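Let's take a friendly walk through a pocket and the ligand inside it. Have the sequence and the 3D view ready.

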Amino acid sequence: MVDLSKITRDGKAMFLAYDQGMEHGPKDFDGENVDPNNILDIAVGGNFTAIIFQKGTAEKYYSNTKFVQKIPLILKLNGKTNLVDDPDPYSPLICSVEEALSLDVSAVGYTIYVGSKHEPEMFKEFSKIEKDAHERNIPVIGWMYVRGSGTEGKSIFELSAYAARLGLEMGADIIKIKYPGDLKSLSWAVESAGKTKVVVSGGAKEEEGGFLEMVRTSMQAGAIGMAVGRNIWQSDNPLEVAEKVRKIIWP
Ligand code: FBP
């Protein structure tokens, strides 16, 4: 199994996600958090175990800077915008593992829309990066997002566990899944992922108490931590919220 120690602490994870510029557009940002340098400061000051960027941000703000020594980088290798409203989304590969390595990465990530008609393309691309990354001992993180026409009529309980199991069987070392809404569903997803570790996605910014409760439930369900963006850097006090999350993950 690939060594995850570069992007975890005592086996647990707290990733700061910052690929929303591509996924959602600048509407997620204000005058502060639009600047990747401010996000890097939050990642370091907030004791995150890694930061998640797309390749352009990594190349311009991370690689060959002081941050390489301060915070490990997880590079997202695929992405899409939300301008095209496709019921069966596909997120194409936009960066190779080779290119990622030149940007000082510690791990790579790829989103699979589980239940989309485009699963076959995404499976092929994921398999290629999984092989390329594992040959170099680089951990692979699967964003296993349940989305697409194939999910219709199925319960979130069933779908979350299916996505998690798929991550294990596709060779992901860590999977990132959306919070399914309750402890029972998430616990079954974590169990279904087996030796593949689970981190939970933060979601849209919500009231702090509700967000922290989700972090607590995630840890109780057996996740190793969180991969969160907006609930940290859209907050008025990112470092304060980060500290509260940290205390839940490492009590
Ligand atoms: P957030 O904590 O801000 O939700 O970030 C997690 C994340 O997975 C990002 O990596 C990604 O940009 C975004 O959510 C995807 O969101 P969506 O569900 O809108 O596709």
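**The pocket and its ligand**

The lining of the largest pocket counts 30 residues, and Glu23, His24, Lys80, Tyr113 and Arg147 lie nearest its centre. Two or more lining residues come from each of α1, β4 (107-114), β5 and β8 (225-228). By class, this lining holds 10 nonpolar, 10 polar and 10 charged residues. A pocket here is an open set of points on a 1 Å grid over the protein atoms alone, where a 1.4 Å probe fits, with protein on both sides within 12 Å along at least five of seven lines; lining residues have an atom within 4 Å of a point.

This is a predicted model: local features need pLDDT of at least 70, side-chain atom pairs count only at pLDDT 80 or more, and totals for chains, interfaces and linings use all residues. Residues are numbered from 1 along each chain as its sequence is written, and side-chain values use heavy atoms, leaving out hydrogens and water.

What takes up the space of the largest pocket? The ligand does. Around the ligand are 16 residues, the closest being Asp19, His24, Tyr145, Lys178 and Arg230; a residue belongs there if one of its heavy atoms lies within 4 Å. This shell has four nonpolar, six polar and six charged residues.

| Residue | Polar atom | Distance |
|---|---|---|
| His24 | side chain | 2.6 Å |
| Lys178 | side chain | 2.4 Å |
| Gly229 | backbone | 2.8 Å |

The protein covers 91% of the 480 Å² of accessible area that the ligand has on its own (Shrake-Rupley method, 1.4 Å probe).

Note on methods:
A polar contact is a pair of N or O atoms within 3.5 Å; within protein, one must be able to donate a hydrogen and the other to accept it, and residues adjacent in sequence count only if both atoms are side-chain atoms. A molecule sits in a cavity or pocket if more than half of its atoms lie within 2 Å of its grid points. Ala, Val, Leu, Ile, Met, Phe, Trp, Tyr, Cys and Pro count as nonpolar, Asp, Glu, Lys and Arg as charged, and the others, Gly among them, as polar. Helices (H or I, at least four residues) and strands (E, at least two) are DSSP runs, numbered from the N terminus.
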